[in-house]
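Thank you all for coming; I would like to take a few minutes to walk through one protein model with you. Please keep the sequence and the structure in view while I talk.

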Amino acid sequence: ADEPFGVDLHNTVYAFDATTIELCLSLCPWASFQRSCGGIKLHTQMDLRGSIPTFIHISQARCNDVAVLDQLVYEPGAFYLFDRGYVHFKRLYALSQTGAFFVTRAEKRMQFRRLRSVSTDGNDGVKADQVIRLTGMQTHLTYPEPLRRVSFHDVERNKRLVFVTNNLVLPAATFASLYKGRWRIEIFFKWIKQHLRIKKFYATSENGVRTQIWIAVCVYVLVAIARKKLGIKAPLHTFFQVVGLTIFEKKPILEVFPDAMRTNS
């Protein structure tokens, strides 16, 4: 609970996204996705404090990502980070009604009316900070309350990003910092896929594949718990790499990490 994640914020912050795990269609005919390949989809909510998955749903690859939001139980006061594919204002309004906050990328064709603007100096990358109201034919009904629209210039990638959130209080630059934390869930997906190549599947039935995915998730969480118990300050995925390389060595794991990468806990 006390793991830092790069933003000075006491609220819990979750990133939510989905990834498709490709499967061999000839071995897994039940996982029909495209004409030449099969797959299943892994929908994941990750707590950015410690990079711990707190919700996982496995579906057919054809499943609409947005529909899975209906299964989430939102935590009042928490922040939820979504990419642009999850902009569904009826569902985002339901999230807002629970007392939770969301941060997502604005759609290019989003129709809105500016209610007021907050002055910015541009030194923190914020180019515009506006309170808006949606004016789309459907969106003005599905989300009837004001929103905040923040335009941010990412110097590292020389790219303009526009965020939409229902939080009207925090400094505008905070939303860019929060959204940047989404990379942690991408690393989780990368780790899962590295350990779930079809050549390593021991069963090709739907139940067998799902079981092996859950085993991989259990391993991920157990290693995260071990890192916390041992007081390792190294990032979680660095710890994963070390454990993977030294798993068969008869050496205490603490000897692998120098004192500078350990805490006194």
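This is a predicted model: local features need pLDDT of at least 70, side-chain atom pairs count only at pLDDT 80 or more; totals for chains, interfaces and linings use all residues.

Residues are numbered from 1 along each chain as its sequence is written, and side-chain values use heavy atoms, with hydrogens and water left out.

Back to Gln130, then, which also stands opposite Arg149 in β8. The strands β6 and β7 pair in the antiparallel sense over 6 bridges, and β7 and β8 likewise pair in the antiparallel sense over 6 bridges; two strands are said to pair here if DSSP finds at least two bridges between them. Strand β7 covers residues 126–134, and because 7 of its 9 residues are buried, it is largely enclosed by the rest of the structure. By buried I mean under 20% relative accessible area, by exposed over 50%, and by partly exposed anything in between, with a 1.4 Å probe and protein chains only.

Where do these strands sit in the whole sheet? The sheet is open and has 9 strands with mixed pairing, in the order β3-β2-β1-β4-β5-β9-β8-β7-β6. Its edge strands are β3 and β6 (112–118), each of which pairs on one side only, and the twist averages 25° from one strand to the next. In total the protein has 7 helices and 9 strands, where helices (H or I, at least four residues) and strands (E, at least two) are DSSP runs numbered from the N terminus.

Now let us move to the other end of that order. How many of the residues of β2 are buried? The count is 10 of 10, so to speak a strand that is mostly covered. In general, the side chains of a regular strand alternate between the two faces of the sheet. In β2 both faces are covered, with Gly38, Ile40, Leu42, Thr44 and Met46 buried on one side and Gly39, Lys41, His43, Gln45 and Asp47 buried on the other.

The hairpin of β2 and β3 has 4 residues between the strands, and in it Gly50 takes a positive phi near 100°. Ser51 lies in this loop, between β2 (38–47) and β3 (52–60), and its phi is near 55°, a positive value in a residue other than glycine. Most residues other than glycine have a negative phi. Is Ser51 buried or exposed? Ser51 is buried, with a relative accessible area of 4%, and, leaving aside residues up to four places away in sequence, it touches Met46, Arg184, Tyr220 and Leu236, a contact being heavy atoms within 4.5 Å.

Turning to the helices, α5 (residues 206–230) lies across β1 (13–23), β2 and β3, and runs at about 170° to β3; axes here are lines fitted to C-alpha atoms, for helices over the stretch in contact, and angles run from 0 to 180 degrees between N-to-C directions. In helix α6 (residues 236–246), the buried residues are Leu236, His237, Phe239, Phe240, Val242 and Thr246, and what covers them includes α4 (183–194), α5 and α7 (253–256).

Finally, a few values for the whole protein. Of its 265 residues, 46% count as buried, and the C-alpha atoms fill a box of roughly 65 × 50 × 35 Å along the principal axes. Among contacts between residues at least 6 apart in sequence, 52% join residues at least 24 apart.
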